Amino acid sequence: MTTSGITAEVPRQRGEGAEGPVLEVRDLHVEFKTREGIVKAVNGVNYSVSSGETLAVLGESGSGKSVTAQAIMGILDSPPGRVSKGEILFHGQDILQLPESERRKLRGPKMAMIFQDALSALNPVFSVGNQLGEMFRVHQGMSKKDAKAKSIELMERVKIPAARSRVNDYPHQFSGGMRQRIMIAMALALEPDLIIADEPTTALDVTVQAQVMDLLADLQREYNMGLILITHDLGVVADVADKIAVMYAGRIVEQAPIHELYKRPAHPYTRGLLDSIPRLDQKGQELYAIKGLPPNLLKTPSGCAFNPRCPKAQDICRTEVPALLPVTERDGTELVGRGSACHFREEQLHG
C-alpha cells in the first residue's frame with residue numbers, strides 16, 4: 001500500500017502470480033457532458049484484480065460503480081461520456097490507448113460482463129441457443145451445428161435443467177434466475193481472464209440470489225478468472241469476495257480484505273452500510289438508514305462528499321477532501337491492504 005492516497009492494495013491472493021494482476025485501474029476519471037454542466041461520475045478510482053481473485057465494488061446507486069465497469073469494457077455512451085484521465089491496464093497494457101477495433105477483440109475472448117437486467121440484455125427475438133452460439137461462430141468460426149452443441153454444453157455447465165430440449169427456447173420462456181444463468185454462460189463462453197458482474201442478483205429472490213452467487217464462485221474457482229462483483233448489498237458478497245472497494249460520489253472511500261472490513265470498518269459511510277443490513281437479533285426493530293441522499297454530482301459538496309450525511313462530520317470534513325490513506329493500529333502498525341478516505345479513519349476503526 002502507498003501513502004500517496006492513490007492505492008490501497010491487499011496481499012497476493014490465490015492464483016496471483018509474479019506476472020501481476022489481470023486488471024489495474026489507475027487514477028480513472030470519467031465525466032459526462034450535460035446541458036446542466038459536467039457530471040464527474042468517476043474521480044480518481046484505483047483498484048486491481050488478479051487471477052482467481054474476487055473484488056467486490058460496493059456503493060449506493062450513482063456512486064460510479066457501473067460507470068467504472070463500462071469504462072473498463074469500453075462500452076461507455078460516448079458522447080456524452082468520456083474517460084478524461086487515467087489508465088486501465090489489462091495484463092499490463094493500457095487498453096485506453098488501443099483503437100476500438102482492438103478493444104472489440106478483447107470483449108468476449110479476454111474480458112466479459114454480466115449485466116444486471118438479463119431480460120433487457122438478451123435479445124427477445126433470438127433463441128438463447130442462437131445467442132450463446134454466436135460467441136463461437138463469430139470468435140472461433142464454428143459451424144452452426146458445433147456452436148449449438150457448445151451452447152448446450154454451456155447451459156448444462158450453469159445448471160439449466162433439460163438444456164438440450166431448451167436450447168431453442170426464447171428468453172421470455174425462462175425464469176429470472178435461469179436468464180441470469182444464461183448471462184453467466186454467455187460471459188464464460190470463451191473462457192475470459194476477467195469477468196465483471198454488475199448487480200447479478202438484482203430482482204431475484206433470496207434463495208435464487210444465493211444459487212447464482214454460489215454458481216459464480218464455483219465457476220470463478222474452476223476457470224481461475226479475475227472477478228469484479230458490483231453490488232449495493234454487503235450481504236451478497238460476504239462469502240465470495242476476497243477484498244472490497246467501497247465507492248461514494250465517484251471515489252473509493254475504503255478498501256480492505258472483505259472480512260476485516262466487516263469486523264472493523266474505517267469509514268463512516270461503510271459503517272452506515274453495515275448498520276443497514278437486517279439482523280436476526282433485531283426482529284421488530286426499525287431498520288437503520290443513512291440519512292439524506294447521495295450528492296448531485298454536478299454540485300458535489302466541498303470537502304468530503306459524505307459530510308452532509310455523516311453523523312461525525314467536523315469542520316475539516318467540510319473544507320478538505322480526504323485522501324485514501326493507510327489505516328493503522330493504535331501502536332502505529334500499518335494494516336496491510338487497508339485504506340480509508342476519512343480524516344478520522346483511526347477513530348472510526350477503533351471506535
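Student: What counts as a pocket here?

Tutor: On a 1 Å grid over the protein atoms alone, a pocket is an open set of points where a 1.4 Å probe fits, with protein on both sides within 12 Å along at least five of seven lines; lining residues have an atom within 4 Å of a point. This is a predicted model: local features need pLDDT of at least 70, side-chain atom pairs need 80 or more, and totals for chains, interfaces and linings use all residues. Numbering runs from 1 along each chain as written, and side-chain values use heavy atoms, without hydrogens or water.

Student: What volume does the largest pocket have?

Tutor: About 540 Å³, taken as the space filled by probe spheres set on the points.

Student: Which residues lie nearest its centre?

Tutor: Gly108, Met113, Phe115, Met135 and Met186, out of 19 lining residues. Strand S6 (111-114), helix H4 (128-140) and helix H7 (176-188) each give two or more residues to that lining. Helices (H or I, at least four residues) and strands (E, at least two) are DSSP runs.

Student: Which element gives the most?

Tutor: H4, with five residues.

Student: And how does the lining divide by class?

Tutor: The lining has 13 nonpolar, three polar and three charged residues. Gly counts as polar, and Asp, Glu, Lys and Arg as charged.

Student: How do H4 and H7 pack?

Tutor: At about 20 degrees, with their axes 9 Å apart. H4 is therefore roughly parallel to H7, a label for angles under 35 degrees. From H4 come Val128, Gln131, Leu132 and Met135; from H7 come Ile182, Ala185 and Met186. Contact means heavy atoms within 4.5 Å. Six of these residues are nonpolar, one is polar and none is charged.

Student: What about H7 with H8?

Tutor: H7 and helix H8 (residues 206-223) pack at about 15 degrees, axes 10 Å apart. So H7 is roughly parallel to H8 too. H7 brings Gly177, Gln180, Arg181, Ile184 and Leu188. H8 answers with Val208, Gln211, Val212, Leu215, Leu216, Leu219 and Tyr223. That contact has eight nonpolar, three polar and one charged residues.

Student: Switching to the backbone. Which peptide bond is cis, with omega near -5 degrees?

Tutor: Ser78 to Pro79. The bond joining Pro79 and Pro80 is cis as well, with omega about 10 degrees.

Student: Which residue other than glycine has phi near 50 degrees?

Tutor: Glu199. Glu199 lies in the loop between strand S7 (194-198) and H8. Most residues other than glycine have a negative phi, and most peptide bonds are trans.

Technical notes: Axes are lines fitted to C-alpha atoms, for helices over the stretch in contact, and angles run from 0 to 180 degrees between N-to-C directions. Angles under 35 degrees count as roughly parallel, over 145 as roughly antiparallel, 65 to 115 as roughly perpendicular and the rest as oblique.
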